[in-house]
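Please look at the sequence and the structure below, and then follow the sections in order.

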Amino acid sequence: MACTLKLGSKPEVFHLDGRTWLCSTGLASDVTVEVGDISFHLHKFPLLSRSGFLENLIGEISRKDENKCSLQLHDMPGGARVFLVITKFCYGVKVELNASNVVSVRCAAEYLQMTEDFGEGNLILQTENFLNEIFGNWTDSLKVLETCEEILSPAEELHIVSRCINSLAMKACADPSLFSWPVSGGRSAVQSPEGSMFWNGICTTAKPHPVGEDWWYEDVSLLRLPLYKRLILAVEARGMKPERIAGSLIHYTKKHLCLLGRQSSFQNGNRVASGSTMSSPPDADQRNLLEEIVGLLPDQKGVTPTNFLLRLLRTSMILLTSPSCRDNLEKRIGAQLDQALLEDLLIPSTGYSMETLYDIDCVQRILDHFMIVDRDTSDGTSNSLVEEGQLIGDSHSLTPITMVANLMDGFLAEVAPDPNLKSLKFQSLAAVIPEYARPLDDGIYRAIDIYLKSHHWLTDSEREQICRLMNCQKLSLEASTHAAQNERLPLRVIVQVLFFEQLRLRTSVAGWFFVSDNLENFQNHSGNLALARNEASNRAGTARDQVVAVDNMRERVSELEKECLSMKEDLEKLVKTKGSWNMIFRKLGFGPKSKSCDSKQPQNNNTKEQTSSEAPVVNGIKNPKKSEVEA
């Protein structure tokens, strides 16, 4: 309920005639007071008895001219509206103070020196007592703080602003359920003494609603930036949780930063801004607001959502904020890059010299900041290679560096179709991620494939340089199958993929045989236990299931043998048709170790003989039998 203070008891004696206030007491006016463009025809005695300033001023003017007394108070706090309230108080006329006018009246009373020396219960004392009462009410305290913006300088001198901010900060930090002041919704809901709440004129039974930690966000968002900033610093000094402070800042920013809510899209390569078409505040004000908000954000990692920070960064580029502001945002984003989403990371390039569709350099700096933070917090165990089977798990087991690696692979795949993206910039961004961070290289392979497809003019050496970003040994079966048939990849890379796939098949075959033998032994052992003990019937059922599993494994082993032989035959054909790659096969273990030849010898007579005599070598054995290949 709003606080009010009623002063005086006499009926109204003032009326307005044009732009002049007249007093209808029956006595002729002996002093004229001008406040702005409004004149007051008053009497000396009521004013002298309450104001030390008016006593001195009237006495000084009267000594110069006793017949004419005219005062000019153009610098009166609150103007003519407040001086009318003060005049009524001096005459003892009924006047009401509330949260909307008490600050102006208090400042005007100080200006007019209305102390206790000029009458008991003078206006300074009355307004001070009323302010202390208001500071116990959240809604009225907030209203008082808003009115301080109108006369900020005198309100600061009387410490009204600081006292009001401290009162609001104390209430925002406290548990609202433990106190009786009105909280969220106090401005729009009115509750009757009988316990019913009137909402839009409809009476409903008042039910206590749980109050969350964000109950004060909307109320304080009505403040202007300077006072809001002081309030945030006050609640921070009182130990408020960083999450609550960040929540209030996000709410305030979304309400006042117009460009933040606008999304950027691309149509036919041109950036198109979509969103509200309403008139926006000047860019200078918006720029100042964004820079102040960034400075107020808590420093703790993870407190401010990464997507909100990325939206701030995108807006800061449009508003051309200071380099320190953008660098601050990039470092904050880099510290928690593992929490970012791909769609938020696609920051459009701004400025007149746009080389690429998206700002690759900005993402590069953010990634560099992440690697610095990750290197500082790493315990040294993350650099060890982990088996592929252990790395393929649910997302909850992924480390931050692995999540960032997946994010960067997706980002590279998104920007790869840009024809203006230089290969060096593509490689520079991809090379920042260490090899151990990627459980599988399917993501970077996909990005490389898209880049090669969109940049078909690259030379073979450039293609090979780009393909060095991935490890063929860490491709999944699906990715290896695709890469082996990918004409865009250099031949050397295809050979590597086939080689590692054959090694994987051999390992799989050996592993399946090992598991098959163990399961057969377990089956026999379980059968003996079933004959010896009646309680082991469940184990016998399990053993039968395992027999079926063994049969399935044997079928899979047979399929793998066929695939292995088929790939070996393809490799032999490749060797015969691509004689210039024999050296590569020898290095990879496919061909025989031939003796060095004299370059001056004629090669025409030796070609057929050498081709027919050199058979593929598998594990160092010429013309291996099928059983040796399977082993």
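The model is predicted.

Leu57 is found in helix 2, which covers residues 52-64. Because its relative accessibility is 21%, Leu57 counts as partly exposed, given that buried means under 20%.

When its neighbours within four places in sequence are left aside, Leu57 is in contact with Leu71 and Leu73. Between Leu57 and Cys69, which are 12 residues apart in sequence, the distance in space is 9.8 Å from C-alpha to C-alpha.

Five strands form an open sheet in the order 2-3-5-4-6, and their pairing is mixed. Strand 2 (14-17) and strand 6 (70-72) stand at the edges with a single partner strand each, so one side of each is left without a neighbour in the sheet. From one strand to the next, the twist averages 20 degrees.

Strand 4, residues 31-35, pairs with strand 6 in the parallel sense over three bridges, and Thr32 stands opposite Ser70 in strand 6. Helix 3 (residues 79-91) packs on this sheet, where it touches strand 2, strand 3 (20-23), strand 4 and strand 5 (38-42), and the direction of helix 3 makes about 10 degrees with that of strand 5.

## Helices 11 and 12

The axes of helix 11 (residues 242-256) and helix 12 (residues 283-296) come within 11 Å and cross at roughly 170 degrees. Helix 11 is therefore roughly antiparallel to helix 12, since angles over 145 degrees count as such.

On the side of helix 11, Leu249, Tyr252, Thr253 and His256 meet Gln286, Leu289, Ile293 and Leu296 of helix 12. The residues of this contact comprise five nonpolar, three polar and no charged.

## Helix 13

Helix 13 (residues 306-319) has 14 residues, which at 1.5 Å a residue should span 20 Å, and this agrees with its end C-alpha atoms, which are 20 Å apart. Just after helix 13, Leu320 takes a positive phi of about 55 degrees.

How many of the 14 residues of helix 13 are buried? The number is 11, so helix 13 is largely enclosed by the rest of the structure. Among these buried residues are Phe308, Leu309, Leu310, Leu312, Leu313, Met317 and Leu319, and the list also includes Arg314.

Methods: Residues numbered from 1 in each chain as written. Predicted model: local features only at pLDDT ≥ 70, side-chain atom pairs only at ≥ 80, totals over all residues. Heavy atoms only, no water. Helix = DSSP H or I, 4+ residues; strand = E, 2+ residues; numbered from the N terminus. Buried < 20%, exposed > 50% of the residue type's maximum accessible area, 1.4 Å probe, protein only. Contact = heavy atoms within 4.5 Å. Expected span 1.5 Å × (residues − 1). Pairing = 2+ DSSP bridges. Axes fitted to C-alpha atoms, helices over the stretch in contact; angles between N-to-C directions. Parallel < 35°, antiparallel > 145°, perpendicular 65-115°, else oblique. Nonpolar A, V, L, I, M, F, W, Y, C, P; charged D, E, K, R; others polar.
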